[in-house]
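Trainee: I am new to this structure. Can we go through a few of its details together?

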Amino acid sequence: MFSYSERINLFKFAGMIRRYLKILFVILSFLLSGAISFTQTNVADSLQSALKSAHKDQKLVILHQLCKIFLANDNRLSESYAKEAIVLSRELKKPEKEAQALNDLAKTYFFRGDYEQAEQNYIASLGLYEQIGNNAGIAGTLNNIGVLYRSKGDYGKALEYYQQSLEIKRKMGDKQGIANTRNNIGEIHKFRGEYPEAVKNYQESYELKKELGDKWGMANSLNNLGEIYSIWSEYEKALGYYLDAAALWDELNNSSGTAGAYHNIGEIYKNLENYDMAEKYYKKAMKIQRATNDNRNLASTLRHLGAIYMDMKKYDIALEDFTESLAFEQQLENKSGVANTLENLGELYFHRREYQMALKTFEQALSINQEIGNRKGVSSNYTNMSEALLKLNKPHDAVTYYGKSLSVARELGVLSIIQNDYLGLAHAYQQMGNYRKALNYYFNYQSIKDTLLNEQIHKQIAELETKYQTRQKEKELQLKDAELMRKDLEIKQQNLQRNAILTGLFMVILLAAVVYRNYRQKQKANEILTRQKAEIELKNTEITDSIRYAQHIQNAFLPHEKYIKELFTDIFVFFRPKDIVSGDFYWFGESHGYKYAAAVDATGHGVPGAFISLLGYNLLNNILKENPEITPARMLDELNKGFSERMFKSYQEQALRDSMDIALCRIDPSGHRLTFAGAYNPLWIARNGKMLITKGDKFPIGSYQEDPGNHYHHHEIELQVGDVFYIFSDGYADQFGGDKGKKFMYRQMRELLLEISSEPVVRQQGILEKKMDKWKRDYEQIDDQLIIGIRYV
């Protein structure tokens with residue numbers, strides 16, 4: 001136990017220690033913008049308090065520190081401190097301090113987007129540094145002017161100033177300065193699309209900053225590396241860099257940096273089409289940027305958030321965001337930002353089907369990007385112009401611009417643009433009727449899309465997100481522990497009852513940790529289930545989108561209704577695919593006065609059947625083109641041979657199982673004759689209350705390799721005015737339904753067609769649709785359904 005006098009001395013000693021600690025803190029505040037154990041607010045309060053009683057030389061030091069502290073959080077206050085420092089340094093005749101204060105003032109204008117005032121003050125600062133021969137000041141100011149020109153989109157001038165700055169810093173051996181300028185040079189290469197050079201400079205900058213323990217600089221370089229890998233569509237690496245940067249910004253309490261990291265994480269989720277997560281991170285970034293008046297970065301976030309709303313078809317909200325972003329960029333004289341926002345506005349006009357306005361806006365963006373040397377932007381503009389030209393029915397012009405975009409995108413290695421160009425070229429060649437090239441480009445598009453959005457990438461990104469959230473929770477616990485330790489230290493200095501309090505706190509923390517760990521385990525399990533569900537839904541959406549595009553291609557192949565009506569004035573086509581795309585298809589042709597009609601049923605249904613149907617459709621067109629007066633029987637022989645050879649050549653093991661059933665008619669209007677040939681499928685003719693049936697041959701299209709000696713038979717029928725002939729697939733008759741869940745059957749289908757044959761053909765189609773709906777009830781449709789009815793008039 002201590003004696004009374006010893007306790008008195010102990011308290012005096014403790015008081016003395018507290019006074020020294022307070023003095024030490026104020027001194028450190030002059031040197032640092034924040035200390036590990038105190039918040040930035042505490043530093044600012046202490047400095048503002050010290051400013052009142054400091055002598056003039058000390059005031060200049062304190063004013064400089066206050067400028068740095070309030071630059072992002074209270075820009076106007078930072079400006080007032082800088083101006084006060086300028087007046088004081090001139091009064092004291094200290095040009096070096098005046099140059100420093102002019103730099104601080106320029107930064108406040110730059111941060112606010114007033115580039116003209118910023119440049120004037122940087123130039124004034126540079127002149128003073130050159131007068132007194134301060135190389136460090138010269139190099140720093142040259143670097144700052146480079147940053148200014150970069151923000152204005154003048155990359156050539158920016159690089160020129162950066163190189164001058166780098167040369168001086170090398171001579172001085174200034175590692176910190178070299179690291180900063182390397183990072184800035186990397187940024188210029190990024191904007192110019194010179195990505196390998198950008199990565200090289202960013203990595204060199206990061207290594208130097210790591211060596212120096214510069215966490216702020218490390219976070220900035222990590223963020224920039226993330227941007228490059230995002231452009232290259234290496235999302236796992238990109239998100240890893242962004243999350244590491246966000247952790248450092250949080251540790252440094254740097255709101256601007258944290259906002260930037262949030263913005264970039266939002267961009268990753270946008271690229272992955274996870275719009276909810278993208279919107280969440282963009283809004284977190286925007287909240288910080290508005291609070292700190294960071295208009296330069298706010299403009300970018302508004303633009304990206306608008307793009308999210310555009311993808312979600314919330315066009316009015318998107319237009320508001322784009323308009324606000326464009327106003328900021330024009331006010332800031334940021335050419336790059338103006339070009340990007342114009343491109344977004346063009347996309348919005350495109351979605352609203354204002355294609356001429358969209359094309360004009362894309363051309364404006366292209367002009368700016370060409371001026372500033374933004375090659376990625378140029379490539380993107382060409383792509384968007386091509387899409388507008390397609391909508392304006394100018395596919396040849398579209399192909400030209402897609403080619404220009406693809407050339408640049410391949411050089412830059414930007415997979416997302418390459419993917420869009422492949423899809424666009426598929427659309428263009430489809431519109432031009434070149435279906436072979438359309439399919440080739442579509443397959444190229446699908447291959448790139450699979451690379452960009454495969455399941456493994458999503459899984460790895462989900463794991464990184466979980467790690468980041470876990471790391472954030474651990475950091476929160478560490479901060480709580482630090483706060484408890486600080487409070488415990490105060491209690492220990494005021495009294496000597498440390499053991500009881502610490503034990504109690506420890507038990508509370510331990511109990512909270514156990515409860516929290518159990519809660520987090522349950523929460524993580526729920527997060528994993530939710531994430532897995534989201535991944536499955538995303539994959540299903542991707543698959544459905546691909547199938548819907550296949551439907552788009554298939555519909556383009558099928559004859560247009562107008563063409564069909566020109567051939568046959570009294571006709572209906574009942575066509576109901578089981579899935580989005582169909583294995584059944586209808587085909588019509590005309591040659592030398594003959595009119596052809598076919599109902600075809602390819603193996604299976606859905607995507608596999610659809611691809612077989614495309615092959616069959618092309619073969620029928622080519623056969624008729626090469627043999628203008630060919631009979632149906634010979635046409636089926638040629639189809640059987642051509643189909644079998646192509647399938648056997650590519651897929652020998654599968655070839656014998658892939659086939660088509662078909663009913664093919666040729667009508668000679670001048671001779672009132674119908675010629676028929678069929679592979680399994682028959683021809684039915686309704687005449688005078690009776691149904692005449694002509695059967696097809698009992699071997700399918702696709703059996704040539706198995707028995708090349710088989711030939712289809714020729715059937716010729718005299719037509720009478722009022723005859724209605726029907727050709728069809730087996731889907732309608734095979735559909736389950738009714739009270740007992742049985743097949744509809746050919747007998748019932750034949751009776752139904754005979755019963756309605758006297759009705760107008762348009763009404764016949766409606767009756768067939770209603771009958772099938774009533775029959776099928778809640779049963780699943782089992783196959784594609786196709787019935788063609790033609791009245792001879």
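Trainee: Is Phe 191 buried, partly exposed or exposed?
Mentor: This is a predicted model, and Phe 191 sits in helix H9, residues 175-191. Its relative accessibility is 22%. Buried would need under 20%, and exposed over 50%. So Phe 191 counts as partly exposed.

Trainee: Which residues is Phe 191 in contact with, beyond its neighbours within four places in sequence?
Mentor: Leave those neighbours aside. In space, Phe 191 lies 9.1 Å from Ile 372, C-alpha to C-alpha, though 181 residues separate the two in sequence. The contacts of Phe 191 are Arg 150, Tyr 155, Gly 373, Asn 374 and Arg 375.

Trainee: Which residue in S5 does Asp 668 stand opposite?
Mentor: Take strand S4, residues 660-668, and strand S5, residues 673-679. They pair in the antiparallel sense over seven bridges. Opposite Asp 668 stands Arg 673.

Trainee: What is the relative accessible area of Ile 782?
Mentor: Ile 782 is in the loop between helix H30 (761-776) and strand S12 (785-791). With Phe 736 and Tyr 779, Ile 782 makes a nonpolar surface patch of about 240 Å². Patch residues need over 30% relative accessible area. Ile 782 is partly exposed, at 31%.

Notes. Residues numbered from 1 in each chain as written. Predicted model: local features only at pLDDT ≥ 70, side-chain atom pairs only at ≥ 80, totals over all residues. Heavy atoms only, no water. Pairing = 2+ DSSP bridges. Helix = DSSP H or I, 4+ residues; strand = E, 2+ residues; numbered from the N terminus. Patch = residues over 30% accessible without salt bridge, like charges linked within 9 Å, V, L, I, M, F, W, Y side chains within 5 Å. Areas by Shrake-Rupley, 256 points an atom, 1.4 Å probe, with all protein chains shown as cover. Salt bridge = Lys/Arg side-chain N within 4 Å of Asp/Glu carboxyl O. Buried < 20%, exposed > 50% of the residue type's maximum accessible area, 1.4 Å probe, protein only. Contact = heavy atoms within 4.5 Å.
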